[in-house]
Amino acid sequence: MNAPISAFHMHALLNPASTDPDPQETAEWRDAFAALVHTQGAERARQMLDELARVARERRIGWQPELATPYVNTIAVDQQPAFPGDLAVEERLASLMRWNALAMVVRANHSYGELGGHIASYASAADLFEVGFNHFFHAHNERHGGDLVFFQPHSSPGVYARAFLEGRLSEEDLAHYRQELTAPAFTEGKGARGLSSYPHPYLMPDFWQFPTGSMGIGPISSIYHARFMRYLTDRQLQDCASRKVWGVFGDGEMDEPESMSALTLAAREKLDNLVWVVNCNLQRLDGPVRGNGRIIDELEKLFAGAGWNVIKLVWGSDWDGLFARDTTGALARAFAHTVDGQMQTFAAKDGRFNRESFFGQDPELARLAQGMTDEQIDRLKRGGHDLVKIHAAYAAAAAHQGQPTVILAHTKKGYGMGAAGQGKMTTHSHKKFESADLIGFRNRFNLPLSDEQATSLAFYKPSEDSVEMRYLKEHRAALGGSMPRRETACEVVPKPELAAYAQFAVAAAGKEMSTTMAFVRMLGNLMKDKALGPRIVPIVADEARTFGMANLFKQVGIYSSVGQRYSPEDIDTILSYREATDGQILEEGISEAGAIASWTAAATSYSVHGLAMLPFYIYYSMFGFQRVGDAIWAAADQRARGFLLGATSGRTTLGGEGLQHQDGSSHLVAATIPNCKAYDPGFAGEMAVIVDAGIREMMVEQQDVFYYVTLMNENYAQPDVPAEAAADILRGCWRYEGWRDASAETGKTQVTLMGSGAILTEVVKAAQQLAAEGIAAEVISVTSWSELARDGQACEARALRGEQADTPFIAQQLAASSGPIVAATDYVRAVPESVRAFLPEGRRYLTLGTDGFGRSDTRAALRDFFGVDAASIVRAAKHALR
């Protein structure tokens with residue numbers, strides 16, 4: 001703390017003696033403890049407190065220590081390390097970043113008012129960023145693996161502003177902020193690039209590493225990336241011991257469930273490679289984060305209770321003298337009773353108002369402010385705007401061992417924007433300035449701009465040989481170079497031949513199995529491959545036994561940073577539960593959000609760590625795109641490579657579970673993600689062909705795609721899948737002839753039946769029933785409705801551009817047949833409806849699906865209820881023929 005008052009004296013001052021029945025005895029205890037600290041040191045003092053707490057628990061007196069500490073800095077003045085940089089130069093650089101970020105946003109909105117953009121968030125976080133860039137954030141080079149930094153998304157203009165000074169972005173690039181389609185790089189293929197609104201690796205693949213624009217995704221992702229680095233180290237795949245994960249997030253963002261959901265995992269895993277900096281500017285989009293409370297106090301309790309190391313960075317160096325003179329604790333008492341809503345009012349007002357309203361609360365505070373001018377009061381900094389205090393907090397966080405650390409940094413939203421926006425309710429959306437406001441901003445930060453340059457929003461870059469530019473580049477060179485910087489170079493991982501691990505599936509010869517069973521067997525075989533096997537990351541959300549993966553427990557083990565400290569009750573069985581420090585399976589407990597974050601960490605390892613990994617995350621299909629769809633979208637933005645396996649898929653395959661567990665829409669959502677290839681195979685052989693192609697695309701060809709493959713838990717006879725069908729399977733459908741027998745060739749009329757996934761077997765039964773009634777049928781096994789639709793859309797787009805017209809693949813496949821077409825799936829009808837526009841002209845098209853809510857019953861009853869069983873398909877075919 002900054003004050004010379006000790007913690008226990010501070011507590012006494014904040015809790016008046018009127019509540020104490022014996023103040024003298026209390027003082028004696030206090031003095032005794034002070035003497036212990038003085039003579040025996042902090043370690044002995046902690047031991048004594050632990051012993052007293054133990055005695056209190058034994059006596060059941062119902063006491064536990066407060067998790068919140070006084071509203072002052074955690075790091076005392078005498079504990080601050082010497083600032084290692086040139087304070088004046090760094091302050092000038094931070095001011096330049098602020099100006100160029102402001103100019104970028106305001107210029108864009110002067111020209112195009114609808115573009116939006118944010119100034120106030122970066123204005124509050126600029127110093128937090130700059131200390132990291134100048135002293136802590138390591139880039140990847142030959143000496144250091146590189147730190148991972150998750151940037152507060154609304155502050156992206158500040159990151160662009162720094163890249164401009166570093167020479168990575170041009171003035172013209174900055175002039176095309178949020179203008180990605182009109183930038184010359186897009187329209188002409190060269191010149192200025194458009195800058196994305198927030199960190200988007202998909203749009204700026206050489207720049208941003210992590211997408212954080214959807215609130216809450218960045219925080220949870222940072223935790224699982226930190227844990228994945230430990231996983232790589234423990235499995236001896238890559239040494240990540242010297243690398244840190246830094247996350248700069250907003251206090252309002254902490255309300256998101258994803259932000260908070262994995263805090264205990266970070267503490268349980270002792271992720272001291274993780275540092276969060278929560279920018280507590282006390283204001284979210286519409287107003288105060290906690291108008292009637294204090295968000296820093298609330299977050300301190302939350303993080304401390306979860307087991308994190310908490311560093312409060314509340315007040316700047318200007319307050320040190322005030323605390324030193326405050327022998328009565330008046331400041332701490334005043335802060336203890338000042339809620340955030342009032343603190344924001346203080347931020348929005350000038351020094352005179354604060355003298356009267358804050359320091360004028362009582363004579364003791366007034367005496368502290370004596371001798372200070374209104375301007376000095378106005379310039380009293382909060383801790384998150386003081387480079388010296390920030391450096392001290394970062395250094396302590398980086399050195400801390402055994403726990404993740406959170407720095408709660410007190411800032412002002414819109415810092416330096418003055419009457420135009422500092423601390424105002426409308427600050428978040430503020431993006432336009434009058435001339436007087438711009439000149440005021442220039443004056444506030446002593447910027448080397450003329451009135452004309454300020455009012456015209458001219459970008460400013462010092463000369464290359466200036467002190468500022470040399471300082472900036474030297475410090476980044478010492479930390480490995482510029483960042484953020486996304487790299488994709490990684491070695492190719494060879495793929496085993498399909499027959500080596502999936503011959504049993506493509507040549508099944510009628511053997512009964514579910515596609516889930518076939519996948520698990522394939523996965524086990526793949527993990528035995530010397531090249532690919534170690535790179536595979538199986539991920540489950542506490543459902544490994546459900547999906548028949550228990551045999552992998554002993555084979556490869558479940559990852560645990562501490563190994564297995566117990567003897568499992570099933571230790572003598574062949575499927576016993578085994579945890580190990582080099583375990584390969586990531587068993588994430590009942591947390592789909594955590595599992596998808598783990599999957600993303602592994603699926604982007606090729607770019608984050610230069611090490612290609614191949615994650616397979618298997619889960620109840622209903623709990624994928626519906627539950628964590630936003631996280632999957634963020635993974636797509638990050639150009640993830642891996643497999644998502646939607647098991648027990650469809651609305652009727654998981655009979656008894658009912659409405660909440662039965663998936664009828666995941667393929668609809670998956671189709672909306674451009675780099676997701678979604679397949680719904682009905683046969684194990686089809687699934688094998690698809691997985692094999694995915695491995696080739698992602699690990700050998702290194703394409704930025706990921707696969708969503710749905711699996712069923714229904715056992716039925718699996719046919720052989722001919723090798724010549726593979727290309728059609730991957731394009732989305734193929735003509736399945738395996739169902740035919742002699743009686744099927746005598747039909748007089750014809751109908752085409754299309755089916756996928758769990759309903760393909762019903763389609764085959766329907767074709768057999770129709771054949772028995774003299775109605776010839778063709779069976780088209782659809783492996784991917786979305787790939788067929790995309791192909792059709794691409795053909796249509798080429799035609800609209802006047803290019804040579806192609807025939808959609810689905811139309812080519814149906815050209816050999818005639819008559820009406822009936823399509824049936826275990827998904828909502830919108831899924832098969834997606835290909836209607838690309839069918840041969842003049843063919844009637846009837847779709848059957850599982851629209852509505854699910855039910856609990858047998859598969860047969862459910863398929864009859866939704867009208868997707870063989871009998872319903874037969875009726876639909878006869879109706880279409882009429």
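Trainee: What stands opposite Val 709 in S14?
Mentor: Tyr 679 does. The model is predicted, so local features need pLDDT of at least 70, side-chain atom pairs count only at pLDDT 80 or more, and totals for chains, interfaces and linings use all residues. Residues are numbered from 1 along each chain as its sequence is written, and side-chain values use heavy atoms, leaving out hydrogens and water.
Trainee: How do S13 and S14 pair?
Mentor: In the parallel sense, over four bridges. Strands pair if DSSP finds at least two bridges between them. Strands (E, at least two residues) and helices (H or I, at least four) are DSSP runs, numbered from the N terminus.
Trainee: What's the strand order in the open sheet?
Mentor: S10-S7-S11-S12-S14-S13, with parallel pairing. The edge strands are S10 (586-587) and S13 (676-679).
Trainee: Which strands does H26 touch?
Mentor: S7, S10, S11, S12 and S14. Contact means heavy atoms within 4.5 Å.
Trainee: And how do H26 and H28 cross?
Mentor: At roughly 15°, with axes coming within 10 Å. Axes are lines fitted to C-alpha atoms, for helices over the stretch in contact, and angles run from 0 to 180 degrees between N-to-C directions. H26 and H28 are therefore roughly parallel (angles under 35 degrees).
Trainee: Which residues of H26 meet H28?
Mentor: Glu 592, Ala 593, Ile 596, Trp 599 and Thr 600. Their partners in H28 include Arg 627 and Ile 632.
Trainee: Switching topic: how far apart are the C-alpha centres of domain 2 and domain 4?
Mentor: They lie 53 Å apart. Domain bounds come from an automatic or database domain assignment.

Key: Parallel < 35°, antiparallel > 145°, perpendicular 65-115°, else oblique.
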